[in-house]
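Please look over the chain shown here before reading the notes on its fold, surface and charges.

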Amino acid sequence: MDSEKMSSNAGQAKGQAQEKASTMMDKASNAAQSAQDSMQEAGQQMKAKAQGADDAVKNATGMNN
């Protein structure tokens, strides 16, 4: 194998490795964003439930009038 072909093969391998790394980083970023979105939604649901419980206590004790 001559040096030009070896250099070409090395260049192709490097390009493929970079593309694979880029794809993996994109997947990791998407997973992180999805987790963040899920946590934000869970936080909003907890806040709504806490507000509902607060209102129920106020109603039960007559403090809401």
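The report below covers the overall shape, the helix, the exposure of the chain and its charged side chains.

This is a predicted model, in which local features need pLDDT of at least 70, side-chain atom pairs count only at pLDDT 80 or more, and totals for chains, interfaces and linings use all residues. Residues are numbered from 1 along each chain as its sequence is written, and side-chain values use heavy atoms, with hydrogens and water left out.

**Fold and shape**

The chain has one helix and zero strands; helices (H or I, at least four residues) and strands (E, at least two) are DSSP runs, numbered from the N terminus. Helix H1 spans residues 3-61. H1 holds 59 residues and runs 86 Å from its first C-alpha to its last, close to the expected 87 Å, where the expected span is 1.5 Å times one less than the number of residues. After H1 comes Gly-62, with a positive phi near 75°.

Along the principal axes, the C-alpha atoms occupy a box of roughly 90 × 10 × 5 Å. The radius of gyration of the chain is 28 Å, whereas a compact globule of 65 residues would have one near 11 Å. This radius is taken over C-alpha atoms, and the globule rule is 2.2 Å times the number of residues to the power 0.38.

Two C-alpha separations illustrate the layout.

Of the 65 residues, 0% count as buried. Buried means under 20% relative accessible area, exposed over 50%, and partly exposed in between (1.4 Å probe, protein chains only). The chain exposes about 5800 Å², of which carbon and sulfur atoms supply 54%; areas come from the Shrake-Rupley method with a 1.4 Å probe.

| Residue | Relative accessible area | Class |
|---|---|---|
| Met-6 | 48% | partly exposed |
| Ala-10 | 46% | partly exposed |
| Asp-54 | 33% | partly exposed |
| Lys-58 | 31% | partly exposed |

**Charges**

There are 7 positive and 8 negative side chains, and the centres of the two sets are 4 Å apart. Lys and Arg count as positive and Asp and Glu as negative, without His and the chain ends; each charge is placed at NZ of Lys, CZ of Arg, CG of Asp or CD of Glu.

The count of salt bridges is one, a salt bridge being a side-chain nitrogen of Lys or Arg within 4 Å of a carboxyl oxygen of Asp or Glu. Asp-54 and Lys-58 form a salt bridge through their side chains, at 3.4 Å from N to O. These two residues are four apart in H1, so about one helical turn separates them.
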